[in-house]
Amino acid sequence: MTTTLSLEAEVAGLIVEALHLEITPGEIDPEAPLFGEGLGLDSIDALEIALAVSKRYGFQLRSDDERNHRIFRSLRALAAHIETNRTG
Amino acid sequence: MMRAEPALPLTSRAPSEAIFHRGHDAVTVQRFLAEVAALAAILPDDGPVLNFCADRYLALLGFAAALSRGQTTLLSADRTPQRLADIAALHGARYALADTDIALPLPVLRPHAAAGRDAPNPPIATGMIAAIAFTSGSTGESQPHPKPWGALVAGARAAAARFAIAPGASIVGTVPAQHMYGFETTLMLPLQGAGAGHAGPVFYPSDIAEALAGLPAPRLLVTTPLQMRALLGTGIALPPLAGVISATAPLAAALAAEAEAAWGAPLHEIYGATEAGSVASRRALGDEGWEPYAGVAFDIGPAGATVAVPGLPAPVPLADELEWLGPGRFRLLGRRGDMVKLAGKRASLSGLTSLLTAIAGVQDGVFLAPEDLDRNPRARLAAVVVAPGLTAEAVVAALRERVEPAFLPRPVVMADALPRDGVGKLRRQDLLRLARSR
């Protein structure tokens, strides 16, 4: 069973790898927004993350708006969403 | 002035046809017109109106209601508050229509769909500027491209004919309704061509699959290479499709082949530009030649290409290099000059560079395009910046206020000086080496 903290580090690694970011996974502030300010990701990145998540964790991200905002609020929120929904 | 100005009705569709799907609800033309009339009755007296509704049906409703009141709609695919405010100020927007909460220095109304008693189908003068689309100009500011009603109608009808879209087709689009390609294929097509739109939201592969599965056949998917790549990458199953249309970026042959094999439907590409709208198409597989839309005339010369579009007052210069392949078919050779295209939006590198060097604390700087920009849907621009006292993060934060997210540089390399030669010209190879040095 994965603990949230190690999953968080794993997802940070996934983001850095999927988006070819020029930072180390440890440099992502787990509480900072992933989009806009903070990590500064955009919609192209959102698709890449969705693709990487579906491959690694076996479930699909969706855009029913409110929830999506919550999921991408931070690395921590995304990791928590993955922990709840993962099938792989 | 002519006495009887030519006009075309708001919609060409029959009253009982479905024009849109909202969730599981099919909206007939009759009901749509009644909702347009009800919304039009409560709109402020004067436009133009900045309409950036994300819900496609609300976007169409707002556009049609404004049109029926003689008001021009400003279409901004860029939802950056600063950009929206700039466009509103520059083009005298009197109010905005939005379905998200956003603070702007003008009244923001949230349209809702409620049917009135009457459902008129008002005539709209073909010369009326129904909408204004925007591109980023060479100096970075928004350039307006006015769209007469007649041009929008002609484009929608040409597309409906070109793709032989059935009146009862369901159209799922993944491109924002305020992007010219999205506006034409997901709002104007149902309004004046054929098929019924889908309100959305549709962005992730699972959204696309779910939206398609919830709609009656025949189904048409209107999307981009980027989203096709994500769809195929996740391996998600789609219901039977009648066709797929892609635009905004060149589609790699391998991706096109994979898509046709996976979905068993013909894949077509549209060629167009915000200035001209959609002007040509081709079958993506094994066909290099683009066929102009009905009524569209290309003029390809050594100085560049222009396109004459029905309903537009003058031929439009194109940012791409074109070459005739044979009568009525042309080939796309590449971008002209320093234009770059990312996420379906165009910008000029010099325009982006001038925005960069205008940042307080930036002494020198330049935007660079990677070699694989046209082939790699995930490619990003890079920037080399001389700004003692500023961090790369601070530079990006300042750029974010002026530049669309897709154009934000990644990486940003901070340097002591730019490699300039004796006459002050930048050496591209040295710059690329510098950009890759991290």
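Two residues are in contact if their C-beta atoms, placed from the backbone, lie within 7 Å. Helices (H or I, at least four residues) and strands (E, at least two) are DSSP runs, numbered from the N terminus. The model is predicted: local features need pLDDT of at least 70, side-chain atom pairs count only at pLDDT 80 or more, and totals for chains, interfaces and linings use all residues. Residues are numbered from 1 along each chain as its sequence is written, while chains are lettered from A and ligands numbered from 1 in the order in which they are written.

View 1. α7(B) is mostly covered, with eight of its ten residues buried. Buried means that 20 or more other C-beta atoms lie within 10 Å of a residue's own C-beta; exposed means 12 or fewer, and partly exposed is in between. The buried residues of α7(B) are B:Pro225, B:Leu226, B:Gln227, B:Met228, B:Arg229, B:Ala230, B:Leu231 and B:Thr234. They pack against α2 of chain A. Within chain B, they pack against α6 (205-213), β13 (219-223), β14 (243-246) and α8 (253-263). B:Gly235 follows α7(B) and has a positive phi, near 70 degrees.

View 2. An automatic or database assignment sets the domain bounds. Domain 1 of chain B spans 8-334 and domain 2 spans 343-436. Their C-alpha centres lie 31 Å apart. The contact joins 23 residues of domain 1 of chain B to 16 residues of domain 2 of chain B. On the domain 1 side, β9 (129-136) and α7 (225-234) of chain B each supply at least two residues. By class, the domain 1 side has nine nonpolar, twelve polar and two charged residues. Ala, Val, Leu, Ile, Met, Phe, Trp, Tyr, Cys and Pro count as nonpolar, Asp, Glu, Lys and Arg as charged, and the others, Gly among them, as polar.

**View 3. Chain A against chain B.** Chain A has four helices and zero strands. Of its 88 residues, 32% count as buried. The contact between the chains takes 15 residues from chain A and 21 residues from chain B. Helix α2 (residues 43-57) of chain A gives the largest share of the chain A side, seven residues. That side divides into five nonpolar, five polar and five charged residues. Mean pLDDT, the predictor's confidence in each residue from 0 to 100, is 84 for chain A. Among the elements of chain A, helix α3 (residues 65-71) has the lowest mean pLDDT (68) and helix α4 (residues 75-85) the highest (92). Where pLDDT is low, the predicted coordinates should not be read in detail.

**View 4. Nonpolar cores.** A nonpolar core is a set of buried Ala, Val, Leu, Ile, Met, Phe, Trp, Tyr and Cys residues joined through C-beta atoms within 7 Å. The largest core has 132 residues; B:Val36, B:Leu50, B:Leu60, B:Leu61, B:Ala96 and B:Val172 touch the most other members. Helix α2 (residues 56-68) of chain B gives the most to this core, ten residues. Leaving aside neighbours within four places in sequence, B:Leu60 is in contact with B:Phe20, B:Leu187, B:Leu191 and B:Gly197. Another core, of 25 residues, lies apart; B:Ala347 and B:Val384 are among them.

**View 5. A three-stranded open sheet in chain B.** The strand order is β3-β2-β12 (chain B), and the pairing is mixed. Strands pair if DSSP finds at least two bridges between them. β3 (25-28) and β12 (197-198) of chain B stand at the edges with a single partner strand each, so one side of each lacks a neighbour in the sheet. B:His21 stands opposite B:His198 in β12(B).
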